[in-house]
Amino acid sequence: MKFLHPAELGFAVRSKLADWGAGARLMGRLVASLGAVLRRPALLRDQIHFMGNYSLAIIAVSGVFVGFVMGLQYYYGLQRFGAADSVGMLISLSLVREFGPVLTALLFAGRAGTSLTAEIGLMKAGEQLSAMEMMAVDPVSRILAPRFWGAVIAMPLLAAVFSAVGVLGGWVVSVPMIGIDSGAFWSQMQSGVDVWVDVGNGVIKSVVFGFAVSFIALLQGFEAQPTPEGVARATTRTVVVASLTVLALDFVLTAMMFSI
């Protein structure tokens, strides 16, 4: 087994700490740029449209099929205990608490996150960001910040769409196909889902996931090597790191929200 020389180990630790410091500084600049972004709403609107509207199709289709599967699985499990009428409540709770925010964030990372990384990476490879700095234009506030806040705003909206179409998909399977009473489906849902506890916590999760996914995507693109191979590796890292971060944050947030 080959051991690292102390100097090599120290250099590796120092490099990693420097990377974390650069990421923290970038996050601080992005958060501090909210006022500048709000003063130019057209940029923010375009980014919300780009990331939200163009991701809507995959989010809606995925939500419908997830609702289909949940309707079947929950019915087969609950009918053993004579509680098939509670399918609607379980579907809605699962979607607004977990599956809506989490699956939306994973799909968003694969669709919009990779697009952000590739776009910023190609701009860096083409020296467009350096040219903006030469013209005394801050690329973080002009290019990165509108994309960051656009993603943060778009994520809860997409998660709400995912949950809504998922509930409708579960209703299609449960009521017309299986034969559960429609009134029982909706009444159990209304009585079992709390707006502030369940839906509110789901919205908080989706906002946190929006912060994480958009920041990781922009950081990977901003720090990518200015070569085609570097941009490709950064795009791959975005999907991997963002997906693992979303799952880890989901555990932490769930423990904080529903276990305390």
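Q: How far apart do the centres of the positive and negative side chains of the protein lie?
A: The protein has 17 positive side chains and 15 negative ones. Lys and Arg count as positive and Asp and Glu as negative, while His and the chain ends are not counted; each charge is placed at NZ of Lys, CZ of Arg, CG of Asp or CD of Glu. The centres of the two sets are separated by 7 Å.

Q: What kind of model is this, and what pLDDT do its local features need?
A: Residues are numbered from 1 along each chain as its sequence is written, and side-chain values use heavy atoms, with hydrogens and water left out. This is a predicted model: totals for chains, interfaces and linings use all residues, side-chain atom pairs count only at pLDDT 80 or more, and local features need a pLDDT of at least 70.

Q: How many helices does the protein have?
A: Helices (H or I, at least four residues) and strands (E, at least two) are DSSP runs, numbered from the N terminus. The elements run α-α-α-α-α-α-α-α-α-α from that end. With zero strands in the protein, the number of helices is 10.

Q: What share of the residues counts as buried?
A: The C-alpha atoms fill a box of roughly 65 × 55 × 35 Å along the principal axes. A residue is buried under 20% relative accessible area, exposed over 50% and partly exposed in between (1.4 Å probe, protein chains only). Of the 260 residues, the buried share is 42%.

Q: Which three residues are linked in a network of salt bridges?
A: A salt bridge is a side-chain nitrogen of Lys or Arg within 4 Å of a carboxyl oxygen of Asp or Glu, and the structure holds six of them. One network links E98, K205 and D250.

Q: How many residues apart in sequence are the parts that E98 and K205 tie together?
A: E98 pairs with K205 in a salt bridge, their closest N and O atoms being 2.6 Å apart. Since E98 lies in helix α5 and K205 in helix α9, the pair ties together parts whose separation in sequence is 107 residues.

Q: Which helix holds R97, the salt-bridge partner of D198?
A: The closest N and O atoms of D198 and R97 are 2.8 Å apart, and the two form a salt bridge. The pair ties together parts 101 residues apart in sequence, because D198 lies in helix α9 (residues 195-222) and R97 in helix α5 (residues 87-125). D198 is buried at 3% relative accessibility, whereas R97 is partly exposed at 28%. The helix that holds R97 is α5.

Q: What is the distance between the closest N and O atoms of R45 and D46?
A: R45 counts as exposed at 53% relative accessibility, and D46 is partly exposed at 38%. The two form a salt bridge, and their closest N and O atoms are separated by 3.2 Å.

Q: Which residue has the backbone oxygen that the side chain of S55 reaches?
A: S55 is found in the loop between α3 (41-53) and α4 (56-78), and counts as buried at 1% relative accessibility. Leaving aside neighbours within four places in sequence, S55 is in contact (heavy atoms within 4.5 Å) with F108, R111, A112 and L158. At 2.6 Å, the side chain of S55 reaches the backbone oxygen of M51.

Q: How far apart in space are the C-alpha atoms of P41 and P146?
A: P41 has its place in helix α3 and counts as exposed at 53% relative accessibility. P41 and P146 are 105 residues apart in sequence, and their C-alpha atoms are separated in space by 8.9 Å.

Q: What is the phi of A136, roughly?
A: Most residues other than glycine have a negative phi. A136 is not a glycine, yet its phi is positive. A136 sits in the loop between α6 and α7 (139-178) and counts as exposed at 74% relative accessibility. The phi of A136 is about 65°.

Q: Near what value is the phi of E127?
A: E127 lies in the loop between α5 and α6 (128-134), and is exposed, with a relative accessible area of 57%. E127 is a residue other than glycine with a positive phi, near 60°.

Technical notes: Polar contact = N/O pair within 3.5 Å; in protein donor to acceptor, adjacent residues only side chain to side chain.
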